[in-house]
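Let's take a walk through this protein together. Have the sequence and the coordinates open as you read.

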Amino acid sequence: MPLDRLGGIPALGMGGRAPCGVTQATRRRWTNGDVGPGTDGPAARSVEMSRACQELSSGVVMRARHIIAIVIGCLVTLSGVGVLFGGGAVGLAGLAARGNGGWMSLQISRLESSGVAVTADDLMVHLDGPARVVGWFDLQARVTARSLDGQPVFVGVAPEADLRGYLAGAAYDRVLDVEWRGVVRYRHVPGSAVVAPPGEQSFWDESVSGTGTQQLTWTLRNGRWAAAVMNADGSPGVAVTATTGVRTGALWAVVAGLLGVGLVLVGLGAALILVGVRGRGRGQLPPAGPPAQSSVQQSGSSGQQSGSSGQQPPPADQSA
């Protein structure tokens, strides 16, 4: 086993480097024998080496855990802030809608199609949950339409599959997106211009028709639903101005729930960050202090003191 040239102890790692990442100051203390008052020899050095390696390993594990706690705390805090902003936005929307009976509405200045209908299926809410939970939210949708050319207008809500089957082979436009300014983006479905009058169909869940402004209010239920705006006789060339809206009887309960969940997440994230920051400080090893005098040095200095106290060495034998 190679010996360290400074202290006569086994080399402290590959190339004489200190093990476990121990600082060079501590290494010099081992090799010089400066391991503290009252200690000396390879055994004492081995004990301190083992203790320092254990402290360093423990500190590394602690630092890794606390860094993970800080990262998770930041993610949880950001999620909580997002939930808080969502709850605040819903609350502000509810306050703005109080003057409109609680309806949060969007005005569409022109809704049109060269075919026989304008449909909204991808934009409709697809509900699939416990009926009691869905009923507790008390979600309602409202569509108001008025023909721009004076024709009688038809507005209806039906199961999505039934509506698509009814319009199969006919030309119509599907609403893909509605901007907040009421600008509509469509996708045209080509086909023939012939379709049976919508009022004669029995698959509609709710429908209204007539001249002037027509308003349909519908309570959302489980299932996949679609809405359609058509001319009452099923003829092509639909052009209406419309207003869509939604409201819920559980609005303020939803707002309170979002704010409560957001506060809990923010508090949990802050606690994790605090634990991580404090733990990192406790997990760091203290810097190596000034080397203590070795017993060899102490014995040498005591010898010097005894020599200076006036004692003379015995005289040499003159008979030689």
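This is a predicted model: local features need pLDDT of at least 70, side-chain atom pairs count only at pLDDT 80 or more; totals for chains, interfaces and linings use all residues.

A residue is called buried here when its relative accessible area is under 20%, exposed when that value is over 50%, and partly exposed in between.

How far can you trust it? The mean pLDDT of the protein is 75, and 62% of its residues reach 70 or more. Two stretches call for care. Residues 1-18 keep a pLDDT under 50, and the model gives them 30 contacts beyond four places in sequence. The pLDDT is also below 50 over residues 291-311, a stretch with 17 contacts beyond its near neighbours in sequence.

Now turn to the aromatic residues, which make 5 aromatic pairs in this structure. One of them joins Tyr166 and Trp204, with ring centres 6.3 Å apart and planes at 75°, an edge-to-face arrangement. This pair brings together distant parts of the chain: Tyr166 belongs to helix α4 (residues 160-166), while Trp204 sits in the loop between β6 (184-189) and β7 (206-210), 38 residues apart. Are these two side chains buried or exposed? Tyr166 has a relative accessibility of 13%, so it counts as buried. Trp204, at 11%, counts as buried too.

Returning to Tyr166 and Trp204, you will find them in one aromatic cluster together with Phe154 and Phe203.

Next, have a look at the surface. Ile67, Val71 and Leu75 form a nonpolar patch there, with about 270 Å² of accessible area together. Leu75 lies in helix α2, which covers residues 41-96. Its relative accessible area is 54%, and because the cut-off for exposed is over 50%, Leu75 counts as exposed.

Our last stop is Leu272, in helix α5 (residues 251-283). Which residues does Leu272 touch, leaving aside its neighbours within four places in sequence? Its contacts are Ala69, Ile70, Ile72 and Gly73. The C-alpha atoms of Leu272 and Ile70 are separated by 6.1 Å, although the two residues are 202 residues apart along the chain. With a relative accessible area of 25%, Leu272 is partly exposed.

Note on methods: Residues are numbered from 1 along each chain as its sequence is written. Side-chain values use heavy atoms; hydrogens and water are left out. Rings of Phe, Tyr and Trp (its six-membered ring) pair if their centres lie within 6.5 Å; planes under 30 degrees apart count as stacked, over 60 as edge-to-face and the rest as tilted. Helices (H or I, at least four residues) and strands (E, at least two) are DSSP runs, numbered from the N terminus. Buried means under 20% relative accessible area, exposed over 50%, partly exposed in between (1.4 Å probe, protein chains only). Patches are made of residues with over 30% relative accessible area and no salt bridge: like charges are joined within 9 Å, nonpolar side chains (Val, Leu, Ile, Met, Phe, Trp, Tyr) within 5 Å. Accessible areas come from the Shrake-Rupley method with a 1.4 Å probe; for residues, only the protein chains shown count as cover. A salt bridge is a side-chain nitrogen of Lys or Arg within 4 Å of a carboxyl oxygen of Asp or Glu. pLDDT is the predictor's confidence in each residue, from 0 to 100. Contact means heavy atoms within 4.5 Å.
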